[in-house]
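These are my notebook entries on one structure, written down in the order in which I looked things up.

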Amino acid sequence: MAGETARVQAPSGRLLWSYFLKSTGLLHVLRRKHDSCRFARVLLYHHVPDNGAESFDRHLRHLAENYTVLPLRDLLAALKAGSLPRRAVAITFDDGFLSVYENAAPALKRYGFSATLFVTTDFAGIRDKGQARAFCISNFKRRDGLENMTWEQLRELSDWGFEIGSHTGTHPVLSEIRDSSTLGEEILGSRKILEREIGTEVSAFSFPFGSGKDCDARVLSVVREAGYTSCFSGIRGWNDRNTNPYYFFRDPIDPLWPVEVLEMFLSGGGDWWGKIPR
Ligand SMILES: [Zn+2]
């Protein structure tokens, strides 16, 4: 009997939160904010596994039907100019996993969407599958040991119109680096490598792990001095004209989540979660 009960899966906390927002009408209030042309959201994906390709496709369909998806660069320009379209969203990926090339990019292309790929340069340079998996476990702190996109694949995506940004050289917690030359190597060094390998200007940066404690004012001043014009966290929130361009908010999204959960975060329903002062 106990076994029977255990087989019935309880809805996740996030799903319950989504039902709560809908049933209380809070979602409607939050959505009104998103309907405004003054706010933009940026989605942060990492890995799209083979068994998540269909679910990811549903995310993209939902975005195509309900949002204005822009390349990140265009979204930032529109934000600055005060000419954002209604419900503006940009899509980004961090780290540089092979599944982005294999599963995400073809789906994005089908919908005519572009994305910004924040690449960890030491990972992109690995040729051996075993080494890539070991790097993934040790440097990204992921147990699944994923493979990397190669420079050739990144150049191909860049040629398709995807923007390439930097996500450091080795994916460290930048705020823990005391030595300024190491910090420079991670931030400026990775930009130079990307510009050499991809052949385009690199102006966007996202800092590893993405939470408030992973980045500080000292790190951001190095990011600014290295010539980047924008920097992205992994902290949920609305971006508007007053958002610090070196601390843009992004919504971490799992491609396996149901569309209702994606919508909850797009509507600002999860902004209480990990939000810190600007
Ligand atoms: Zn990362």
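**Terms for the first entry.** An axis here is a line fitted to C-alpha atoms, for helices over the stretch in contact, and angles run from 0 to 180 degrees between N-to-C directions. Helices (H or I, at least four residues) and strands (E, at least two) are DSSP runs, numbered from the N terminus.

**What I am looking at.** I noted that this is a predicted model, in which local features need pLDDT of at least 70 and side-chain atom pairs count only at pLDDT 80 or more, while totals for chains, interfaces and linings use all residues. Residues are numbered from 1 along each chain as its sequence is written.

**The chain as a whole.** I found 12 helices and 8 strands in the secondary structure of the chain. Of the 278 residues in the chain, 42% are buried, where buried means that 20 or more other C-beta atoms lie within 10 Å of a residue's own, exposed means 12 or fewer, and partly exposed is in between, with C-beta atoms placed from the backbone. I also looked up contacts, which are pairs of residues whose C-beta atoms, placed from the backbone, lie within 7 Å. Among contacts between residues at least 6 apart in sequence, 71% join residues at least 24 apart.

**Helix α4 against α12.** At what angle do the axes of α4 and α12 cross? I read roughly 45° for α4 and helix α12 (residues 259-266), whose axes come within 10 Å. That makes α4 oblique to α12, since angles under 35 degrees count as roughly parallel, over 145 as roughly antiparallel, 65 to 115 as roughly perpendicular and the rest as oblique. The crossing of α4 with α12 is right-handed; a crossing has this name if the near helix is turned clockwise from the far one by less than a right angle, and is left-handed if the turn is anticlockwise. On the α4 side I listed R58, H59 and H62, which meet V259, L262 and E263 of α12. Sorted by class, this contact of α4 with α12 has 2 nonpolar, 2 polar and 2 charged residues. For the classes, Ala, Val, Leu, Ile, Met, Phe, Trp, Tyr, Cys and Pro count as nonpolar, Asp, Glu, Lys and Arg as charged, and the others, Gly among them, as polar.

**Helix α4 against α6.** I then turned to α4 (residues 53-66) and α6 (residues 98-111), which pack at an angle of about 30° with their axes 10 Å apart. That makes α4 roughly parallel to α6, and the crossing of these two helices is right-handed. The contact is formed by A53, F56, D57, L60 and A64 of α4 together with N103, A104, A107, L108 and Y111 of α6. By class, the contact of α4 with α6 has 8 nonpolar, 1 polar and 1 charged residues.

Is A104 buried or exposed? I counted it as buried, because 27 other C-beta atoms lie within 10 Å of A104. Leaving aside neighbours within four places in sequence, A104 is in contact with Y45, V48, F56, F93 and S99. I also noted that A104 and H47 are 57 residues apart in sequence but 8.4 Å apart in space, C-alpha to C-alpha.

**Helix α8 and what follows.** In helix α8 (residues 129-139), I found A132, F135 and C136 buried. Seen down the axis of α8, the buried residues fall within an arc of 100°, so they line one face of the helix; the arc is that of the directions from the helix axis to the C-beta atoms. These buried residues of α8 pack against α7 (121-124), whereas G130 and S138, on the other side of α8, are exposed. After α8 comes K141, which lies in the loop between α8 and α9 (151-160). Phi of K141 is near 60°, a positive value in a residue other than glycine. K141 counts as exposed, because it has 11 C-beta neighbours inside 10 Å.

**D95, another positive phi.** D95 is in strand β3 (residues 88-95), and it has a positive phi of about 90° although it is not a glycine. D95 counts as buried, because it has 25 C-beta neighbours inside 10 Å.

**P172 in a loop.** My last entry concerns P172, placed in the loop between β5 (163-166) and α10 (180-198). P172 is partly exposed, with 18 other C-beta atoms within 10 Å. Apart from neighbours within four places in sequence, P172 is in contact with I177, E186 and P208.

Conventions
Two residues are in contact if their C-beta atoms, placed from the backbone, lie within 7 Å.
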